[in-house]
Amino acid sequence: MALVLITPPALEPLTVAQARAHLRVDTTDDDVVIEELIRAARQRAEDCTGRALGQQTWELLLADFPTRGSPIDLPKPPNPSITSLTYIDPSGVSTVMPSTDYEIVPGSVLSRLTPVYGKTWPDTLRREACVKIRYQTGYIQVPAPILSWMKLLVGTLYDHRETVLRGETATASFLPSGVSDSLIDPYIVPSLA
(Lines give C-alpha, C1' and ligand atoms only; values in the text may rest on other atoms or scores of the structure.)
Protein backbone atom coordinates (compact mmCIF):
# COMPACT_ATOMS: atom_id res chain seq x y z
CA MET A 1 0.00 0.00 0.00
CA ALA A 2 1.24 3.47 -0.86
CA LEU A 3 -0.43 6.82 -0.41
CA VAL A 4 0.46 9.73 -2.70
CA LEU A 5 -0.57 13.36 -2.30
CA ILE A 6 -1.92 14.57 -5.65
CA THR A 7 -3.20 18.05 -4.72
CA PRO A 8 -2.40 19.80 -1.43
CA PRO A 9 -4.96 22.09 0.19
CA ALA A 10 -5.49 25.34 -1.70
CA LEU A 11 -5.78 27.27 1.56
CA GLU A 12 -4.13 26.76 4.92
CA PRO A 13 -6.56 26.25 7.83
CA LEU A 14 -4.91 29.11 9.72
CA THR A 15 -4.61 32.53 8.09
CA VAL A 16 -1.60 34.80 8.39
CA ALA A 17 -3.85 37.37 10.12
CA GLN A 18 -4.91 34.79 12.72
CA ALA A 19 -1.30 33.76 13.29
CA ARG A 20 -0.18 37.40 13.53
CA ALA A 21 -2.88 38.05 16.15
CA HIS A 22 -1.74 35.01 18.15
CA LEU A 23 1.90 36.12 17.87
CA ARG A 24 1.01 39.73 18.77
CA VAL A 25 2.78 40.92 15.62
CA ASP A 26 1.45 44.26 14.35
CA THR A 27 3.37 44.54 11.07
CA THR A 28 3.37 42.53 7.86
CA ASP A 29 7.19 42.40 7.74
CA ASP A 30 7.33 38.70 8.72
CA ASP A 31 4.33 37.49 6.70
CA VAL A 32 6.41 35.25 4.44
CA VAL A 33 8.03 33.58 7.46
CA ILE A 34 4.66 33.24 9.18
CA GLU A 35 3.16 31.62 6.05
CA GLU A 36 5.98 29.06 6.00
CA LEU A 37 5.47 28.33 9.71
CA ILE A 38 1.72 27.86 9.19
CA ARG A 39 2.40 25.36 6.41
CA ALA A 40 4.93 23.54 8.60
CA ALA A 41 2.47 23.47 11.53
CA ARG A 42 -0.31 22.08 9.31
CA GLN A 43 1.96 19.39 7.94
CA ARG A 44 3.12 18.48 11.45
CA ALA A 45 -0.50 18.35 12.67
CA GLU A 46 -1.38 16.08 9.73
CA ASP A 47 1.59 13.83 10.50
CA CYS A 48 0.65 13.63 14.19
CA THR A 49 -3.07 13.02 13.68
CA GLY A 50 -3.17 11.13 10.37
CA ARG A 51 -5.89 13.51 9.17
CA ALA A 52 -6.15 15.86 6.20
CA LEU A 53 -6.47 19.48 7.29
CA GLY A 54 -8.15 21.21 4.38
CA GLN A 55 -9.51 19.71 1.16
CA GLN A 56 -6.84 17.57 -0.55
CA THR A 57 -6.62 14.91 -3.25
CA TRP A 58 -4.84 11.63 -2.48
CA GLU A 59 -4.23 8.44 -4.41
CA LEU A 60 -4.15 5.09 -2.61
CA LEU A 61 -2.12 2.47 -4.50
CA LEU A 62 -2.70 -1.23 -3.83
CA ALA A 63 -1.20 -4.37 -5.35
CA ASP A 64 -4.64 -6.00 -5.43
CA PHE A 65 -8.17 -5.68 -4.07
CA PRO A 66 -8.83 -7.35 -0.71
CA THR A 67 -10.26 -10.84 -0.83
CA ARG A 68 -13.96 -11.67 -0.67
CA GLY A 69 -15.15 -8.09 -0.95
CA SER A 70 -13.45 -6.97 2.26
CA PRO A 71 -13.48 -3.20 2.77
CA ILE A 72 -10.61 -0.86 2.00
CA ASP A 73 -9.83 1.68 4.72
CA LEU A 74 -9.32 5.15 3.29
CA PRO A 75 -6.47 6.98 5.06
CA LYS A 76 -6.44 10.72 5.76
CA PRO A 77 -9.97 11.29 7.05
CA PRO A 78 -12.45 12.93 7.20
CA ASN A 79 -15.11 13.01 4.50
CA PRO A 80 -13.58 11.11 1.58
CA SER A 81 -15.13 11.32 -1.86
CA ILE A 82 -13.95 8.99 -4.64
CA THR A 83 -12.77 10.73 -7.81
CA SER A 84 -11.77 7.57 -9.67
CA LEU A 85 -11.07 3.90 -9.08
CA THR A 86 -8.95 2.14 -11.70
CA TYR A 87 -7.30 -1.27 -11.79
CA ILE A 88 -5.29 -3.45 -14.14
CA ASP A 89 -7.41 -6.45 -15.15
CA PRO A 90 -5.87 -9.95 -15.53
CA SER A 91 -5.16 -9.31 -19.24
CA GLY A 92 -3.16 -6.15 -18.41
CA VAL A 93 -5.78 -3.58 -19.43
CA SER A 94 -6.33 -0.49 -17.29
CA THR A 95 -10.02 -0.47 -16.36
CA VAL A 96 -12.22 2.10 -14.64
CA MET A 97 -14.54 0.57 -12.06
CA PRO A 98 -18.03 2.10 -12.36
CA SER A 99 -18.97 4.22 -9.35
CA THR A 100 -22.25 2.27 -9.13
CA ASP A 101 -20.23 -0.84 -8.14
CA TYR A 102 -18.77 0.55 -4.89
CA GLU A 103 -19.72 2.79 -1.99
CA ILE A 104 -18.14 4.60 0.93
CA VAL A 105 -19.30 3.42 4.34
CA PRO A 106 -18.61 6.11 6.95
CA GLY A 107 -16.94 4.98 10.15
CA SER A 108 -16.32 6.61 13.50
CA VAL A 109 -12.76 7.44 12.39
CA LEU A 110 -11.96 5.93 8.99
CA SER A 111 -14.35 5.52 6.13
CA ARG A 112 -14.30 2.30 4.17
CA LEU A 113 -14.71 1.58 0.50
CA THR A 114 -16.74 -1.56 -0.22
CA PRO A 115 -18.43 -3.16 -3.19
CA VAL A 116 -22.17 -2.50 -3.25
CA TYR A 117 -24.51 -5.31 -2.32
CA GLY A 118 -24.33 -8.12 -4.87
CA LYS A 119 -20.94 -7.06 -6.25
CA THR A 120 -17.37 -8.12 -5.48
CA TRP A 121 -14.00 -6.61 -6.17
CA PRO A 122 -12.84 -7.54 -9.70
CA ASP A 123 -9.84 -9.76 -10.45
CA THR A 124 -6.58 -7.94 -11.12
CA LEU A 125 -3.17 -8.60 -12.58
CA ARG A 126 -1.75 -8.48 -9.02
CA ARG A 127 1.26 -6.25 -9.25
CA GLU A 128 2.49 -3.13 -7.52
CA ALA A 129 0.11 -0.16 -7.88
CA CYS A 130 -2.40 -2.31 -9.75
CA VAL A 131 -5.34 -0.66 -7.98
CA LYS A 132 -5.48 3.16 -7.88
CA ILE A 133 -8.09 4.88 -5.76
CA ARG A 134 -8.06 8.66 -6.17
CA TYR A 135 -10.14 10.60 -3.66
CA GLN A 136 -10.69 14.00 -2.14
CA THR A 137 -10.69 14.24 1.60
CA GLY A 138 -10.13 16.62 4.49
CA TYR A 139 -11.75 19.04 6.83
CA ILE A 140 -13.54 22.00 5.33
CA GLN A 141 -13.43 23.57 8.78
CA VAL A 142 -10.58 22.31 10.98
CA PRO A 143 -11.58 21.67 14.63
CA ALA A 144 -10.66 24.46 17.06
CA PRO A 145 -8.31 22.32 19.23
CA ILE A 146 -6.18 21.48 16.18
CA LEU A 147 -6.08 25.16 15.19
CA SER A 148 -5.05 26.08 18.74
CA TRP A 149 -2.28 23.46 18.62
CA MET A 150 -1.12 24.88 15.29
CA LYS A 151 -1.06 28.42 16.74
CA LEU A 152 1.06 27.20 19.65
CA LEU A 153 3.47 25.49 17.27
CA VAL A 154 3.64 28.53 14.96
CA GLY A 155 4.37 30.71 18.01
CA THR A 156 7.06 28.38 19.26
CA LEU A 157 8.71 28.09 15.86
CA TYR A 158 8.48 31.86 15.37
CA ASP A 159 10.18 32.49 18.73
CA HIS A 160 12.88 29.90 17.96
CA ARG A 161 13.34 30.51 14.24
CA GLU A 162 17.11 30.88 14.49
CA THR A 163 17.22 27.34 15.83
CA VAL A 164 14.97 26.19 13.01
CA LEU A 165 17.04 27.99 10.38
CA ARG A 166 20.28 26.42 11.68
CA GLY A 167 18.69 22.98 11.26
CA GLU A 168 18.61 22.10 14.93
CA THR A 169 15.75 20.20 16.50
CA ALA A 170 12.47 21.95 15.76
CA THR A 171 9.55 19.86 16.89
CA ALA A 172 6.42 20.13 18.93
CA SER A 173 8.61 19.32 21.95
CA PHE A 174 9.07 23.09 22.29
CA LEU A 175 5.45 23.29 23.38
CA PRO A 176 4.59 23.35 27.08
CA SER A 177 4.46 19.85 28.52
CA GLY A 178 1.14 18.11 27.89
CA VAL A 179 -0.40 20.93 25.85
CA SER A 180 0.11 19.36 22.45
CA ASP A 181 -1.12 15.97 23.62
CA SER A 182 -4.26 17.29 25.24
CA LEU A 183 -5.25 19.32 22.19
CA ILE A 184 -4.72 16.82 19.37
CA ASP A 185 -4.86 13.39 21.05
CA PRO A 186 -8.62 13.03 20.45
CA TYR A 187 -8.03 13.48 16.71
CA ILE A 188 -5.26 10.90 16.25
CA VAL A 189 -6.22 8.20 13.76
CA PRO A 190 -5.22 4.67 14.80
CA SER A 191 -2.47 3.20 12.63
CA LEU A 192 -3.50 1.22 9.56
CA ALA A 193 -0.47 -1.07 9.95
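What follows is a chat about a predicted model of a protein.

Trainee: What is the protein built from, in terms of helices and strands?
Mentor: This predicted model has 5 helices and 8 strands, and from the N terminus on the elements run β-α-α-β-β-β-β-β-β-β-α-α-α.

Trainee: And how much of the protein is buried?
Mentor: Of the 193 residues in the protein, 41% are buried, while the accessible surface comes to about 10,800 Å², with 51% of that surface belonging to carbon and sulfur atoms.

Trainee: What share of the contacts links residues 24 or more positions apart?
Mentor: Among contacts with a separation of 6 or more, residues 24 or more positions apart account for 74%.

Trainee: Can we look at one residue, say Y102, and where does Y102 sit?
Mentor: Y102 belongs to strand β6, which covers residues 102-105, and its relative accessible area is 10%, so Y102 counts as buried, the cut-off being under 20%.

Trainee: Which residues does Y102 touch, leaving out those up to four places away in sequence?
Mentor: With those left out, Y102 touches I82, L85, M97, L113, T114, P115, V116 and W121. For T114, which is 12 residues from Y102 along the chain, the C-alpha atoms of the two are separated by 5.5 Å.

Trainee: New topic: which peptide bond is cis?
Mentor: The bond from P77 to P78 is cis, with omega near 5°, and P78 lies in the loop between β3 (72-74) and β4 (81-88). As background, most peptide bonds are trans, and most residues other than glycine have a negative phi.

Trainee: Are K76 and R126 buried or exposed?
Mentor: K76 counts as buried at 14% relative accessibility, whereas R126 is exposed, with a relative accessible area of 60%.

Trainee: What about cysteines, and how many disulfides are there?
Mentor: The count comes to 0 disulfides.

Trainee: Last one: what lines the largest pocket?
Mentor: The largest pocket, with about 180 Å³ of space, is lined by 14 residues, and E12, P13, I140, Q141 and V142 lie nearest its centre. By class, the lining has 9 nonpolar, 4 polar and 1 charged residues.

How values were computed:
Residues numbered from 1 in each chain as written. Predicted model: local features only at pLDDT ≥ 70, side-chain atom pairs only at ≥ 80, totals over all residues. Heavy atoms only, no water. Helix = DSSP H or I, 4+ residues; strand = E, 2+ residues; numbered from the N terminus. Buried < 20%, exposed > 50% of the residue type's maximum accessible area, 1.4 Å probe, protein only. Contact = heavy atoms within 4.5 Å. Areas by Shrake-Rupley, 256 points an atom, 1.4 Å probe, with all protein chains shown as cover. Disulfide = S-S within 2.5 Å. 1 Å grid on protein atoms, 1.4 Å probe; cavity = no way out; pocket = protein on both sides within 12 Å on 5 of 7 lines; lining within 4 Å. Points joined across faces, edges and corners; volume = space filled by probe spheres on them. Nonpolar A, V, L, I, M, F, W, Y, C, P; charged D, E, K, R; others polar.
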